[in-house]
Amino acid sequence: MPPARTKPEVHSPRASLHIGASPEAAWENVVRQWFEKIAPRGLHDRQPAAVVTASRNQAYFFRSRLLAEGKSLMAVKFLSPPQLRELLLRRCDLPVPLREHLRLLLGVTAEQFASSSSDDETVLVAKSIAREPDRFLRAIDQLRAAGWTLDEIDSPALRELAARFEEQVRECGFTFVHDADRVVLAAAQKFQPLFRDLLVFGFDAAHWPLWPLLHAATLSSDETCVVLSDPRDDARNLDETWIGTWEETFGPAEVIPPMNGRATTSLTGALPVPASDVHFVIGRDTTQQARAIVAVVAKFLADASCERLGILFSGPGALPRLVATFLQAAGIAHNDGIAYFAPSAFDDHAWRAWLELQQAPRLKPLFRFLRATDWQIFDGVSVLQIEETLRRCYNNVLVDNIELLRDYCASSPDLRHGSVVARELEKIQFLPASAALTEFLTHTRAIFAVLDWTERWNEVERLSRNWRDRLSTRFSKNSYLRWLRELLGAPSLERDNLGAHSYARVHLVACADAQDQPWSHLIFAGLNDETWPAFEDELAFVRDEQIEELNRQNTTLNRRASKRGRQGEGHWSVREGKTLLLGPNEQRQIRRRQFLNLVESVSAGLGVSASLYSEATPSRIANPSEFFSWLYFNAHARGVSQQTLHSLEEQTRDWLKDWSPVDAQKIDSISVGRTRYAFDARRQLRPAGEYEFALRSPSDEEKSLRVTQWEQALRWPAIVWMEIFLGVTPDDGDSDAWAVATGQWVHRWLADSVGNGGDRKFVDVNRAEQIRERISKHARELRERVAALCANRSKRLPDWWRSGWSNALYIADCLAAKVCDLHDWSAMGVEWPLKEPTLIPLSENQTLRVRGRIDLILARRKSKESRIGYEDLWVIDYKTGRQRGFKLKELRRNDTPKRKFHKQLIDGRGVQLALYALAVHALGADDVQLTLLSPAEQLEPQFRLADVLAQKNFWSDVHRMQETGVFGMLGPIHADFGFVGKYPLATLPIDTDLLEEKWALTHPAFVLEEEGQAK
């Protein structure tokens, strides 16, 4: 530890304060002289010289100026406030926690507080904080940074929660960052100086939370030069108090002579450049606005007076990312001070899938984890077999909890791979629902060791090594997983190759980081009311009236913190240990002052951009911000209307024309040409080709579709084509699991009640009287089995499951009751499987290949010539939903049964039943009647084999689809109402009317003939 000073100094006599109205004046009269003074002795002094700036961009400005003048930067450290704090804390043993640790501790405290409180409102607030602790943590930070206690929070429950949180932080051995700053300040007088010379530049009233840190740094230097900005009317009280506090502590400040004698700008003042050098561009959307900004950049760079060009944004977002991308494409070197977030090295698909699986140990997260990880989890069984087995289990019990499914697999000897899957699933370990931190970490270490995630564990162990034993409170798995996610998934800032040039002329910066620097040109980007300027969130987790009261207290607290300074009347400073609390009103004043300072710092040209339409609501005009209107009024002496915005957007579009920043980037013309050709081909009125879900030439492999796939192919041909020929299917994560499970339960109960399901055998129809009793028996067995699985895991059978089960039993009983009333049929077959595939001859040269399973076949009139054994069949297809049957006898005027049935087929209704009719006809049945039976329908024939055979052209076109692989596309990609199939994300929409015309050209038989032709 450095030796203590012999004579502590409260006020350093070697600290010089300077106040200037412009960054150029500060550079010429103070900063340049400071660098010239320290240059000769930089390598000889034991203590280094340091420069502390409010933003990195200010440091880049100093470096570029010094390098341009050929001055040495040896032995000069450029520090940001976090780097300065880290350097000062080395002299004090104060462990400052990561924000991730604080959020965990606050979440743990909130959980404990919620469990011990009996007040409903308090419990709700505590649970809200436990789920999202960051906002309340920021509220605590704001109060502590200003030096105030948590008693300023009105809510007693929140005060108690915050007090417990602070106690928990202290028990873990941590010190809040603002408390650490004050400790460093108190200890600064006891140590030898850390710096020989120190320059503090660019700090103003926006940096009140940093006052103790800057005060400590000044006391830690032999000689300190502090450059302050001259207050202006827009935030005068805040800035004067900031300067007054410096003067109260270190003596009066010297006024820096102005460079040109120009006064500060006011809202009614003129712009610093002629109106002809102020350029307004409006884009219809973010992309067009980014193009326009880069075009203005290119225009400014062509100006000989362009030395430093800043593009200012309200913060990170799509617009700065697009601008940086376009600058990269155009080959323009720049310094991207905004950058973009890149995922951590630990944050990959497998990590996110594991977190999701631990959060919700259910089927879909398990599948995502198995697909994402490259870890060989299972021995002797593939992931696909695991998925298939678990899907069958889920469809059987409709419970997706991993533990319950594992037990079901183990207790189902008739389930293929069931015992193997149950054994292998034991290898997947789960965290306990609640535990202490050390217990969670022990489980995590074991799991990470199995997954071979050594690097992840090393990082977790390093960051929790010194304090994990001190957190003995038990807390939930959710809070622990959130901590792990934040700890290992913290993103890093990255830039494009051409965006990492700190000495480039073009800089992408936030408004606050562009202060106190001279600019030849500035572009204010995205000046829309909804995005500019951006303010920090208000204090969170307080009722509306309490928030208003806290905002009113900002002024009260600031007044209580202030006192009259020793410089005389009108000189104000803060009391010792206090700073000003910056609420929304204060932030608004500071933002206005920053904006006007930036406008004043421009010497050659201004650019202003905005979007015509709102990014959140693209159909709504986006209002320009107050700053946009002020700039436009000062440049053109008139206000901004919607007509003005439309006119500016049209002018911008005409100016840009077809120019794009990517024109400067080398492009593979062949790939672009092919993409353009495919794009145009899909939009030409002609039959579907190779770019429209169609094979270029017939496949050598014979494809056989399920009957349900043929029915879907008439509705969503593109999705079925991708499934058949590409082997890809959409994720059915949002599908109705209840509808699927109900259908499978009903079909299985009916099949098990007959006893021949899947055996391709007929039984005597007189046994139908026993069906309803057996259905009830099988349903009760399922319920009892699932209830036993839940009970073994100390879980309760959910009410929603009981309700769904009751509904399925009701539907099965209704369908069975309809079959029980039949007495003129001699035999019945349930769940009759077709051969794989079943060949259906349509003509001498046309044969359909289908697969499927018939729900119910009623038979009579045995025949040895028929391969199915009967001549007369009734094919019945169960539907557990609300599907309606076919009523060919109910015709509209001038309609015919043949035309009506044709219309239903091309709409995708009845195709499944019709293919069943053709299949049994191919097996020797001469007389076939068909019915689609739902609980609301009567069991009666709806159409016959003759109706199916009459649609020759339809079946011929179906055969052509099978042989050629030409399907095409039909219907919209997205729909606001109703259901549409899921397409790949990159699928571009095409006008639905054009698709219908192309469908008619591709499949003429799938188009309904006119009524006149039907006659």
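Two strands pair if DSSP finds at least two bridges between them. Keep that in mind for the first stop. This is a predicted model.

**Stop 1**

Select A827 and A859. In β24, A859 is the bridge partner of A827. The strands here are β21, residues 827-833, and β24, residues 853-862. They pair in the antiparallel sense, over six bridges.

Stay on A859 and look toward β25. There its bridge partner is L873. β24 and β25 also form an antiparallel pair, with six bridges.

Next, select β25 (residues 870-878) together with β26 (residues 927-933). Seven bridges join these two, and they run parallel. Pick D877: it stands opposite L932 in β26.

**Stop 1: the parallel sheet**

Select β7, β18, β15, β8, β14 and β9. In that order, these six strands form an open sheet with parallel pairing. The edge strands are β7 (278-283) and β9 (334-336), and each pairs on one side only. Neighbouring strands are turned by 20 degrees against each other on average, direction ignored.

β9 pairs with β14 (residues 506-510) in the parallel sense, over three bridges. Select H334 to find V506 of β14 opposite.

**Stop 2: helix α13**

Select residues 349-359, which make up α13. The buried residues in this helix are A350, W351, A353, W354, L355, L357 and Q358. What do they pack against? Show α14 (363-372), α18 (437-451), α19 and α20 (477-488): these are the helices that the buried residues of α13 pack against.

**Stop 3: the nonpolar cores**

Keep W354 selected. It is one of the residues with the most contacts inside the largest nonpolar core. Helix α30 (residues 799-820) gives the largest share, nine residues.

Centre on W749. Leaving aside neighbours within four places in sequence, W749 is in contact with I775, H778, A779, L782, W805, A808, L809 and A812.

A second, separate core has 62 residues. To find it, select F886, F901, L913 and L995, which are among its members.

**Stop 4: H18**

Select residues 15-20. This is strand β1, and H18 lies in it. Is H18 buried or exposed? Its relative accessibility is 12%, so H18 counts as buried, since buried means under 20%.

Show side chains. The side chain of H18 makes a polar contact with the side chain of S16, at 3.4 Å. Then display what H18 touches, not counting residues up to four places away in sequence: V30, C225, V226, V227, L228, A253, E254 and I256.

**Stop 5: R470**

Select the loop between α19 (454-464) and β12 (475-476), where R470 is found. R470 has a relative accessible area of 44%, so it counts as partly exposed.

Leaving aside neighbours within four places in sequence, R470 is in contact with E171, C172 and G173. The separation from R470 is 8.9 Å in space and 33 residues in sequence.

**Last view: the whole chain**

Zoom out and colour by secondary structure. The chain has 36 helices and 27 strands. Of its 1015 residues, 52% count as buried. The chain exposes about 48,300 Å², and carbon and sulfur atoms supply 49% of that. Among contacts between residues at least 6 apart in sequence, 78% join residues at least 24 apart.

Technical notes: Residues numbered from 1 in each chain as written. Predicted model: local features only at pLDDT ≥ 70, side-chain atom pairs only at ≥ 80, totals over all residues. Heavy atoms only, no water. Core = buried A, V, L, I, M, F, W, Y, C linked by side-chain atoms within 4.5 Å. Buried < 20%, exposed > 50% of the residue type's maximum accessible area, 1.4 Å probe, protein only. Helix = DSSP H or I, 4+ residues; strand = E, 2+ residues; numbered from the N terminus. Contact = heavy atoms within 4.5 Å. Polar contact = N/O pair within 3.5 Å; in protein donor to acceptor, adjacent residues only side chain to side chain. Areas by Shrake-Rupley, 256 points an atom, 1.4 Å probe, with all protein chains shown as cover. Axes fitted to C-alpha atoms, helices over the stretch in contact; angles between N-to-C directions.
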